[in-house]
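Please look over the structure shown below before working through the exercises, each of which is followed by its solution.

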Amino acid sequence: MARLPELTPPESSGSRVPSVHHHDVVTERPGDLDSLRLIGTTRFEPMNDVKTILITGGAGFIGSWVTRHLTVRYPEYKIICIDKLDKVSSLANISCLEAFPNFHFVQGNLLDQATVSSLLAEHDIDCVMHFAACSHVQNSFEDPSIFTLNNVVATQWLLDAVRHHGGPGRLRRFIHVSTDEVYGDVVDEFVDETKQFMPTNPYSASKAAAEMYVWAYAKSFGIPALVVRSNNVYGPCQYPEKIIPRFYTLLSEQQPLTIQGSGLNVRRYLYAADAADAADGFDTLLHKGVVGEAYNLNSASPVTNLEVAITDRPFNDHDYRVDGSKLETLGWRQRVPFAVGLRATVDWYRKNIHAWWPDVTKTINVKSTATIRGDMRSRVGDNEVKSVDDEVTIGEISDASSPGVLG
Ligand SMILES: C[C@H]1O[C@H](OP(=O)(O)OP(=O)(O)OC[C@H]2O[C@@H](n3ccc(=O)[nH]c3=O)[C@H](O)[C@@H]2O)[C@H](O)[C@@H](O)C1=O
């Protein structure tokens, strides 16, 4: 099975903080990941009233960054990870934690209410971080009901299980992972967390509905909820359906890139070590966030999609300008520039994609919009703008040099 290099567990499960350095993540396959850190660096004073954290979707992309970070940096917390292991998640994202005594994995579906309720009771959970979701907008146009089921119903059932768990006040925090897409297309201004929801696609509608349930349960049943609404996150361990790993995969197969719409739509990209590795984003929220509040997690790296297209999505928001200053008051900062994060990401995919997802190149869909053959660096590397070339091959992106230590 593909796996990340071993991480070094602490010598005891006492209060010692494991030292997590560069070499700690490079033991199994020397050379792999040697420029990457797959956990964060920050550590807050552990909370007295939180001992056991349930992370839903913990083998998925953002969830696994947070799972690795919290397990390694906080031996004081027991981390219970539940994931149904569908195609976008992978045991390889968390297998490096096997030796950690404070880590426990359960394969399970949030729609299995009995499993969720018994997990909460068995481990005496006092904090939930809810990452599990169907997240791919494109798929939501094709089958919205799957999104209603996995994002709305699953969240409401999880909230219900939490509501009946351990009596009033047992749960100390319920961190719900939402999205900037709940605001809809935002092009004229940077919006703060009070902006009205105007979702434009089935995915964002499902996330908005899920969030409404979170706030309703907070009011009705006292669930101690916090919500984070994030811009686009990218980095190692992301299934190659989102634009960056997808374009990497297409180029590596010498396929044309597939641009939807005009290609001028903007997305704001946050490297996983900033957002999801929890060094800053989720760890800050967990330890410093105020119950009852929502926080935008934004990126200062706006990037348009590549140019010129034939077919667009049924609806494609032009931009998601969200104001992240509220989270910054808690100490959060974006630290990894897009050009650096992109190099690290490309480097990781070049070395690991086939080990992680052996069949991915067979399943990637190039049917609709092939219009441009280009070099990712022409658009996404802010300092490397060059004209779009014809027939660029993998060789041109795989020469990106190591970004050095990240995060
Ligand atoms: C915050 C959300 O981020 C992700 O949603 P989004 O739709 O913005 O991500 P994608 O990577 O699927 O798309 C980004 C951007 O690229 C265009 N595109 C994609 C694939 C392709 O082959 N060609 C393209 O041109 C697409 O039209 C978009 O404009 C995340 O999936 C979601 O969960 C979020 O919450």
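**Exercise 1: a bent helix**

Find where helix α10 is kinked and by about how many degrees.

Solution. The kink in α10 is centred on Arg 350 and amounts to about 45 degrees, the bend being the angle between axes fitted to the seven residues ending at a residue and the seven starting there. The model is a predicted one, in which local features need pLDDT of at least 70 and side-chain atom pairs count only at pLDDT 80 or more, while totals for chains, interfaces and linings use all residues. Residues are numbered from 1 along each chain as its sequence is written. Next, consider the span: α10 runs over residues 338–356, yet its end C-alpha atoms are only 24 Å apart, short of the 27 Å that a straight helix of 19 residues would reach at 1.5 Å a residue. Finally, the buried residues of α10 (20 or more other C-beta atoms within 10 Å of their own) include Phe 338, Tyr 349 and Trp 356.

**Exercise 2: the nonpolar core**

Identify which residues touch the most other members of the largest nonpolar core.

Solution. A nonpolar core is a set of buried Ala, Val, Leu, Ile, Met, Phe, Trp, Tyr and Cys residues joined through C-beta atoms within 7 Å. In the largest one, of 88 residues, Leu 54, Val 128 and Val 162 touch the most other members. Helix α4 (residues 144–163) gives this core its largest share, 7 residues. Leaving aside neighbours within four places in sequence, Leu 54 is in contact (C-beta atoms within 7 Å) with residues including Ile 80, Leu 119 and Val 128.

Technical notes: Helices (H or I, at least four residues) and strands (E, at least two) are DSSP runs, numbered from the N terminus. The expected span of a helix is 1.5 Å times one less than its number of residues. A residue is buried if 20 or more other C-beta atoms lie within 10 Å of its own, exposed if 12 or fewer, and partly exposed in between; C-beta atoms are placed from the backbone. Two residues are in contact if their C-beta atoms, placed from the backbone, lie within 7 Å.
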